[in-house]
Amino acid sequence: MKSTTAQALVSWLIAQRSETLDGREVPLFPAVFAIFGHGNVLGLGTALQERRDEIPTWRGHTEQGMALAAVGYAKATQRRQVGVATSSIGPGALNMITAAGVAHANRLPLLLLPGDTFTGRAPDPVLQQVEHFHDATATVNDAFRAVSRYFDRITRPEQLIATLPQVARVLTDPADAGPVTLALPQDVQAEIFDFPDALFEPVLHRIPRPRPDIRVLAEAAAIIRAAQRPLIVLGGGVRYSGAASQILEFAEHHGIPVTETTAGRTLVVHDHPLHAGPLGITGSESANTLAAEADLVLAIGTRLQDFTTASWTVFAPDVRLVTINTARFDAIKHGALAIVGDAQAAIGDLAGHVQRDWRVAESWTERAAALRGAWDARIDKLRAPTTGAPSYAQVVGVVNDLSAPADYVMTASGGLPGELIGGWRAHGGTPAMDVEYGFSCMGYELAGAWGAAMAHTPGLVTTLLGDGSYLMANSELFSAAFAGHPFVAVVCDNDGYAVIARLQEGQGGVSFNNFYADCRTTLPQPPRVHFAAHARALGCEVYTATDLDEFRTAYAQARAAAREHSRPAVVVVGTQPATWTESGAWWEVGVPQHLSGRAEYEPGKRAQLRYLDPRG
């Protein structure tokens, strides 16, 4: 088939199919997010225009925002579908690097197609070209290498034949999932080549389920049977594998308490008798207390980042660690006994090696339920009605109460992840959750919600964010409003970067450059942002609230309006600046010697686990 490089790439994208967790066949690449410039408009842009009825192209308003929307799309589809983002070279390409970092840190598939400089070099230096005095082959797109799982620069059309199978491999491999960058020089995009027809035949990508080594399973089973106080930790890999029900069946049969990481949140019904609550810094005191008492941790589908492990202080010094993960890189961390394989396949195989009649003492199971009950009572107290501006915990409580079974809730940065992870209650099919706390990217809350709303058709998406995140990246509110993708955005205005001020002051520093009251200005009365007017100007339905009752009414109205008008509805609510849900966990940050927080830093460092021996 004679076609341009760009036409061949688009034809290949259309031919790729994916199988969902429930067995449906869907497009692997369901959407392209594009801002066109001179480096991609005539090549890739023309090819997309010619096939616009087969692969939809959506216009974004910042390159970072549209790439973040693609990330949100992938998360909402459990990594079964992949968003594509394209830009010209130069600032447009570099703007997408933050989104690539988000996808890389969170193990989420993303395809980036930035334009690149001419391979012929005749017009050099062209507009937006950054010249490197000692490397003529380098362009700004080389900056993507650090945040790409796979990178290629297509300098000849026929290179697509070799690289596209590798692109599909990375985007659909549970062990290697992450962003792929194909840099596309604008002259090569327009070159014609006679591509083999087989390249464009439909391909159905089924996510592989690798099985673990039988010898490791036997060793892990022996360690589990020797445990008196085992604990299961569920991560995002459990969600992507669709393994939650099988793991809960295993836990129920043996009486093992279960906790969740940030990415694994909402996998367990809140009132399940084995549910200890979410783990870590932004988790619950119940799960953290149980983790400190556990003699064995079976961590499934998690990379065990510092917020989950409280900078590796949440577990007992003599704990044994067994992991299940498709990525050996994650499975072997801290000397764990690594079961490398798909979560669903591995837990089924492991169950066959653990004696059916083995069960932990009821006192351990009951301890988990008692601790979570005490945590629930604390959350109930924090959510109880008060006068004046509501707290984050109260805002989350209202959203939790009014959400429907098929809904989807998300956040990314600031103080809201702690409130959403620690306080949310999943009641059988209630909202799935996307808390982007691998990269904690301010601005993901709105752009990611656009992508999630595009993908998550059964229910309504609600995203929660602070005033700082809103000001950092709000353009995709208009993108979603223009495109007709409804979601609810709850903007909590506490007059600054309140959670960083909390960290500052909590370690003995002074509030500086975070709350507006503590920032430099030359004006006696500096301006304040009118968030409601701004969101309305971007085409959104807007509601405001100053207390808890008003917020409950406003949020209910916003849910109805988003559905009725098929566009985002924004609720702006003034919130308390210094009321937080505390998990009791320690987090390592660099604390200077002269600050009072150093007194807590030293014992925290001494308590850190450096390397574990799962075999005892």
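Student: In which loop is the place of P125?
Tutor: This is a predicted model. Look between two strands, one of which is β8 (150–153). The other strand is β7 (110–116). P125 therefore sits in the loop between β7 and β8.

Student: Is the peptide bond from D124 to P125 cis or trans?
Tutor: Check omega for the bond from D124 to P125. It is near -5 degrees. The bond is cis.

Student: Where is R107 placed?
Tutor: R107 is not a glycine, yet its phi is positive, about 60 degrees. Now find its loop. A helix, α5 (97–105), stands on one side and a strand on the other. The place of R107 is the loop between α5 and β7.

Student: Does R107 count as buried or exposed?
Tutor: The relative accessibility of R107 is 18%. The cut-off for buried is under 20%. Because 18% falls under that cut-off, R107 counts as buried.

Student: What is phi of S440?
Tutor: S440 is found in the loop between β19 (432–435) and α18 (444–455). Its phi is positive, and it is a residue other than glycine. The value is near 45 degrees.

Student: Is S440 buried, partly exposed or exposed?
Tutor: S440 has a relative accessible area of 30%. Buried needs under 20%, and exposed needs over 50%. The value lies in between, so S440 is partly exposed.

Student: Which residues have the most contacts inside the largest nonpolar core?
Tutor: That core has 93 residues. Three of them have the most contacts inside it. They are I232, L350 and F551.

Student: Which residues are closest to the centre of the largest pocket?
Tutor: The largest pocket holds about 1,000 Å³ of space. Its lining has 43 residues. Closest to the centre are F307, V499, R502, L503 and W587.

Student: How many charged residues does the lining of the largest pocket have?
Tutor: Sort the lining by class. Nonpolar residues number 19, and polar residues number 19. The charged residues number five.

Notes: Residues are numbered from 1 along each chain as its sequence is written. This is a predicted model: local features need pLDDT of at least 70, side-chain atom pairs count only at pLDDT 80 or more; totals for chains, interfaces and linings use all residues. Side-chain values use heavy atoms; hydrogens and water are left out. A nonpolar core is a set of buried Ala, Val, Leu, Ile, Met, Phe, Trp, Tyr and Cys residues joined through side-chain atoms within 4.5 Å. Buried means under 20% relative accessible area, exposed over 50%, partly exposed in between (1.4 Å probe, protein chains only). On a 1 Å grid over the protein atoms alone, a cavity is a set of points where a 1.4 Å probe fits but cannot get out, and a pocket is an open set with protein on both sides within 12 Å along at least five of seven lines; lining residues have an atom within 4 Å of a point. Grid points are joined across faces, edges and corners, and a volume is the space filled by probe spheres set on the points. Ala, Val, Leu, Ile, Met, Phe, Trp, Tyr, Cys and Pro count as nonpolar, Asp, Glu, Lys and Arg as charged, and the others, Gly among them, as polar. Helices (H or I, at least four residues) and strands (E, at least two) are DSSP runs, numbered from the N terminus.
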